Amino acid sequence: MGSKWRKAKLAFGLNSCLYVPQTREEPPVSSNDVAASRFSDAVSSSSLLSPMGGGSDCRPTTPTPSSSGLRLPKTGTKCSKRTCAICLTTMKTGQGHAIFTAECSHAFHFHCITSNVKHGNQICPVCRAKWKEIPFQSTASDLSGSGSRINPVGWPQDDSWMAVLRQIPPPRVDATRPVSSLFHTPEPVIFDDDESLDQQPEISNKSPSVEDAYDNNSIRTIEVKTYPEVPAIQRAASHDNFTVLIHLKAPHTSGRQNSSRNQTPPVSQISRAPVDLVTVLDISGSMAGTKLALLKRAMGFVVQNLGPSDRLSVIAFSSTARRLFPLRRMTDTGRQQALQAVNSLVSSGGTNIAEALRKGTKLLVDRKWKNPVCSIILLSDGQDTYTVSSPSGIHPRSDYQSLIPISIRRNNAAGLRIPVHAFGFGADHDAASMHSISEISGGTFSFIEAESVIQDAFAQCIGGLLSVVVQELKVRIECVHTSLQLGSIKAGSYRTSMMADARMGCIDVGDLYAEEERDFLVTINIPDDVSGNDMSLVKVSCAYRDPITKEMVNLEESSEVTIQRPEVVGQLIVSLEVDRQQNRLRAAEAMAEARVAAENGDLAGAVSVLESCRMALSETASALAGDCLCVSLSAELKEMQERMGNRGAYEESGRAYVLSGLSSHSWQRATARGDSTDSTSLVLSYQTPSMIDMVTRSQTMLLGNPSPQRALSSAQSFPAKPQPR
């Protein structure tokens, strides 16, 4: 069925979709069209192939672009003649802009299509038809001495921006190199041509009140809580590896404090730290057709949801890498130019991830101005054919470190924090290399299994990046009682350190998104003690930078953990908070062990490890109490078992799914995998309210018109007990 649908799309030109907002002239989309607008391969191919389908005219029509998927229009090419598919604005005669109508009958603003052609694109952005005649831009003086000029109907004879058509020779095609001239335009040696920053911070549209000022002072502090494994230890007994949980929760973003009383404001209307974002996009030959169309649509969503203080640059890569435009503020003009550049992309060539990352990193290192938050988003559907393996792919290497520039590796001496959030697209990408790239740089790895969820995956990522409230966070744990020593600090992928005498330790956490939570487990060796009725174990303090004020914040009132030391101890109740976090670590360790077994060819052993862990979790105190985190972990372990059922399933999706899960749990940050961005999924680990808001916007927006934002509670990622539905 899938093969027939793909052939039908190719036959009718449906393998491309551009992000086009709805114009005022277009009729509103009914609720029945919402489901139809979500892209799905479940669309019946018989309606496209049968000439008698319902007695309707079966002539091929141009697909109407949609913000959330490919949708067949009801009025043929009517919409495409009203909206320029490059700049996404309306086209009307008499508005001072020339209109170019191509030989395939699709029309565009003349200045838009000339820029498109200048980037090397000779294919119609709508129907993918190859043009034999293309426009080029020239001034009136340049035209005065030219020969005959072709004046299409409706264009004024004296318009200085009139189309001048010339015959182009057939391009010389090299299957191993990209044909687009986009990659041959000179670039500056130093990328210091970034647009200057907007010095005015983004603020919400509402006027501040006394209540808001009070709330702002009270919520912009990290919440620190500590939980001992049990409340008491017998005075005459010792206890090695006694566990203490350190729970952190980032503050709200300004403007969210009244979300319980009113609707939650969109991320773009909240006072927040502006972002410098570089998207590194794979446009190799394997991205042709629907993949590239959906990528353009997803990038359209990203562009539309960045604010005027945010800056964006795009690196496109295949066999080589090219910067489409420098870091540019996403004002109305910046957005239009960014969309125009993205929509001009065509796919060809191989996959050179290393060069693309070097260029993306250089762009952020060389920039003259710096927003408080910066990040790289990397998307690829293939394997690096130039660095990790030879171009022929015959001699693959596993030196994934070579893909990452030294300047952004977490352990480098430069101290740069530029996380790469990697997205593996489809079944053919190199999940191991993409996971390594994200892990080494301090980012996350997401697995986009279904092509149609790429926009939701991007939405979840930028929902976090646009809500950073804490930077450079460091947590310090210090023993209080003179006889105590730290045993271990379990912090996943976060860098930890411990003094030689084991009396003090530190966790380098870095950035936190609004309302994001972190849980770290510390073990302590407790000796017997007959000196008193209680014992102070450790005190926890932290320091971080506020990205908006750029001031350092020190939490002087540290949280101290104390237990009782009675002579006789009765039956003790284990802390459910500690137990649930121990379950999370146990599940993550099982996933890592199962992955090693699967890579060594022992799929049966891998499935056995996951099943044993799942059974062990079901018997813990927090699972018996109905803890939602345990329910999610159990569902995830079960899903991994199914994806490791045979070698084919593991190679196609199991490896990527497991690595994305490991990335999520090691950083305690949401990643996209399977149906994890669906609100009905049981695997909803670590999503923040800002992420949920952005994903909801992605899933409900119609042709650039987002539906009213629904109110979303600022709840924890996982409530202690299941909530009624």
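Author: A residue is called buried under 20% relative accessible area, exposed over 50% and partly exposed in between, with a 1.4 Å probe and protein chains only. The model is predicted, so local features need pLDDT of at least 70 and side-chain atom pairs pLDDT 80 or more, whereas totals for chains, interfaces and linings use all residues. Residues are numbered from 1 along each chain as its sequence is written, and side-chain values use heavy atoms, without hydrogens and water.

Reader: Is His-247 buried or exposed, and what is its relative accessible area?

Author: His-247 lies in strand 6, residues 239–249; strands (E, at least two residues) and helices (H or I, at least four) are DSSP runs numbered from the N terminus. His-247 is buried, because its relative accessible area is 8%.

Reader: With which side chain does that of His-247 make a polar contact?

Author: Contact means heavy atoms within 4.5 Å, and His-247 touches residues including Tyr-227, Arg-518 and Glu-517, leaving aside those up to four places away in sequence. A polar contact is a pair of N or O atoms within 3.5 Å; within protein, one must be able to donate a hydrogen and the other to accept it, and residues adjacent in sequence count only if both atoms are side-chain atoms. At 3.5 Å, the partner side chain is that of Glu-517.

Reader: Which strands stand at the edges of the open sheet of six strands?

Author: Two strands pair if DSSP finds at least two bridges between them. The order is 9-8-7-10-11-12, with mixed pairing. One side of each edge strand is left without a neighbour in the sheet, because each has a single partner strand: these are strand 9 (321–329) and strand 12 (445–448).
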